[in-house]
Amino acid sequence: MSQASIVRPEELPLQCEGNVTDYEEALHGLMVLNATIIRSLEEIARGGSNAVVYRAGMKMGHETAKYFPKTDNVEKALKELSDILGRQYNFELYKPKGKDSYIITENGETFIYLVFRDCLVRQTLRREGMSQKGPLCQSLYGYMVGAVEEITGKRGKLEIVHVGPNTCLKKLILR
Amino acid sequence: MLKLATEPLASCAGCHMSLLDIHEDILELLKKVELVYSPVLMDVKEPPEGIDIAIVGGAVRNKENMEKLKKLRQRSKIVIAFGTCACYGGISGLSIVHSRDEILNGVYTDSPTTVSKTLPSVDVPELLYRGYAVGDVIKVDYYITGCPPKEVFLRKILLPLIDGHVPELSKKSVCSECDRQMGQVKNWKVKRRGEGVPEEKTCLLGQGYICLGSVTFGRCGALCTHHGIPCHGCGGPSLDVLREPSRDIYNTLVTRIQHLTELPQQEIEKELYDVTHTIYPFVMGSKIMENKSVSKIPDIIKERHL
Amino acid sequence: MVKIIVDKDVCIGCGLCAHDCPMKVYEIRDGRSTVVNPDDCMQCLSCHEICPSNAIEHQDIYLSRRLYVDLEVCSMLRRFV
């Protein structure tokens, strides 16, 4: 145990317990804590856990999209949002072969395909061996719906089509 | 000349014999190395100082193994864990499901033909409470799995490794070397190993035998499945199962059977029998496999000790 | 462009990749898996996870962050021959 020599409230300590490069250990610890909490929440609240995590996601979405210029064009809004989300939750618009626009109308629904590449939720679930498409994935659902609502004023739904180890495919359904 | 040492810890010495499987290349080997310590061949009692390469086979099972291993690590520059027992604990790792007293009594006092009922205690090292893999006790420089590592690959691995150059070889599972055809199956029921006669040309897992080929590390040429014997997993887990924390031998096998037969998971789990000896026989003693959160090993240990 | 290669010597024709792929990239022809639609691949790598003989290879794809692999297992895999 190293002893800190002099600690004063007005100064910034340049050295503390542990190493500044302990990020990996701390990250694994955080992921395990998060995954265990969501597992316990699901055991106790069952359907309610979906609602809790969805609401948390919506709050994050509203916060992020607060300073965006309001627009009606959903495609443009999504492209700017994916730039802002940056590196921890990276998503792109996806167009299957044979369609000429991103907005697709099929069976009475109007939707856009989104592929989610980097995802902290997927990494957390895989760290503890939990299956994807569970309650923690609802946080992304709430996030996208909240952000889109803040920018365009319309409220949509997000449905998960396919989950995989590297990328997940989701549909953003617009009213 | 490089100084080479070999050590069989708690093992059947099969891995040691397999060092001779490099056939004529052994003359090349002997031009480059000098054997300084090898209990199977020489009468040297203690590993000397200044060893360059130590090839260690077998698991750590009693106090003498532990001391020898630590001495070897101190006195060698490079340690190679050779064989599945050294990498994952092997068969000696199965000792964790029984207590030490059960094992000693079962072997020395309770068997029907034993006359004298005393446990040996003179000149016999004390058993540890479980078997350990070499990689879990000391830091190992190279891992070579196999039970034993087969000659086709050993000839490509051993000589370059002594020169310090790591060769690039296929790291795929046993299914990649098997020549049977797999497809969707209906009416799947588990068959024990002695039941029925396996058909040629179609996958053994599809026929109902518990074949671990899809979750086992290859490099054995799939010799067993070629002759109709379901794979027992002696190469350790395949790398895509080892790497992911959410995958384990048991749950990946159940997922594959689910995809092949379209049966629900509970029905498949009810059919599997004796998970300890059919699915985990070679990796029970490995701390890496035990630490996965989806592993069934902690449940098995708790159940047996109740 | 995503390039997908199936090693025909190693593929055992089980059809699990064709069954699992959401974009119908694979088809079983002559008892081996063939890539028929690489343009629609969304790089989810579910085919990698389900293939029993590790026969599929992807080139030039976006590989998402994987910070969750256990550190001990990582250091063991680096020293695997």
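A search of the whole structure, which is a predicted model, finds 0 disulfides over all chains, a disulfide being a pair of cysteine sulfur atoms within 2.5 Å. The sulfur of C85(B) lies 6.2 Å from the closest cysteine sulfur, that of C147(B), and this is too far for a bond. In chain C, C47(C) likewise takes part in no disulfide, the nearest cysteine sulfur, in C44(C), being 6.4 Å away. With a relative accessibility of 10%, C47(C) counts as buried, where buried means under 20% relative accessible area, exposed over 50%, and partly exposed in between (1.4 Å probe, protein chains only).

Residues are numbered from 1 along each chain as its sequence is written, and chains are lettered from A and ligands numbered from 1 in the order in which they are written. Local features need pLDDT of at least 70 and side-chain atom pairs count only at pLDDT 80 or more, whereas totals for chains, interfaces and linings use all residues; side-chain values use heavy atoms, with hydrogens and water left out.

C147(B) is also joined to P148(B) by a cis peptide bond, with omega about -10°. P148(B) is placed in the loop between β7 (142–144) and α7 (151–162) of chain B; helices (H or I, at least four residues) and strands (E, at least two) are DSSP runs, numbered from the N terminus. A positive phi of about 65° is found at D123(B), although this residue is not a glycine. D123(B) belongs to the loop between α5 (100–108) and β6 (127–132) of chain B, and is exposed, with a relative accessible area of 77%. In chain C, D30(C) has a positive phi near 55°, again in a residue other than glycine; D30(C) is located in the loop between β2 (26–29) and β3 (32–35) and, at 81% relative accessibility, counts as exposed.

When residues up to four places away in sequence are not counted, V134(B) touches L9(B), V56(B), G58(B), V60(B), L69(B), A86(B) and V140(B), contact meaning heavy atoms within 4.5 Å.

Between chain C and chain B, 28 residues of chain C are in contact with 40 residues of chain B. These two chains bury about 3000 Å² between them, 58% of it on carbon and sulfur atoms, buried area being the accessible area (1.4 Å probe) that two parts lose on being put together, summed over both. R79(C), F80(C) and V81(C) supply 27% of the area that chain C buries against chain B, more than any other three residues. The count between chain C and chain B is 0 salt bridges, a salt bridge being a side-chain nitrogen of Lys or Arg within 4 Å of a carboxyl oxygen of Asp or Glu.

Chain B and chain A bury about 390 Å² between them, 47% of it on carbon and sulfur atoms. P245(B), S246(B) and S293(B) supply 73% of the area that chain B buries against chain A, more than any other three residues. Between chain B and chain A there is 1 salt bridge; R126(A) forms a salt bridge with E244(B), the closest N and O atoms being 2.7 Å apart.
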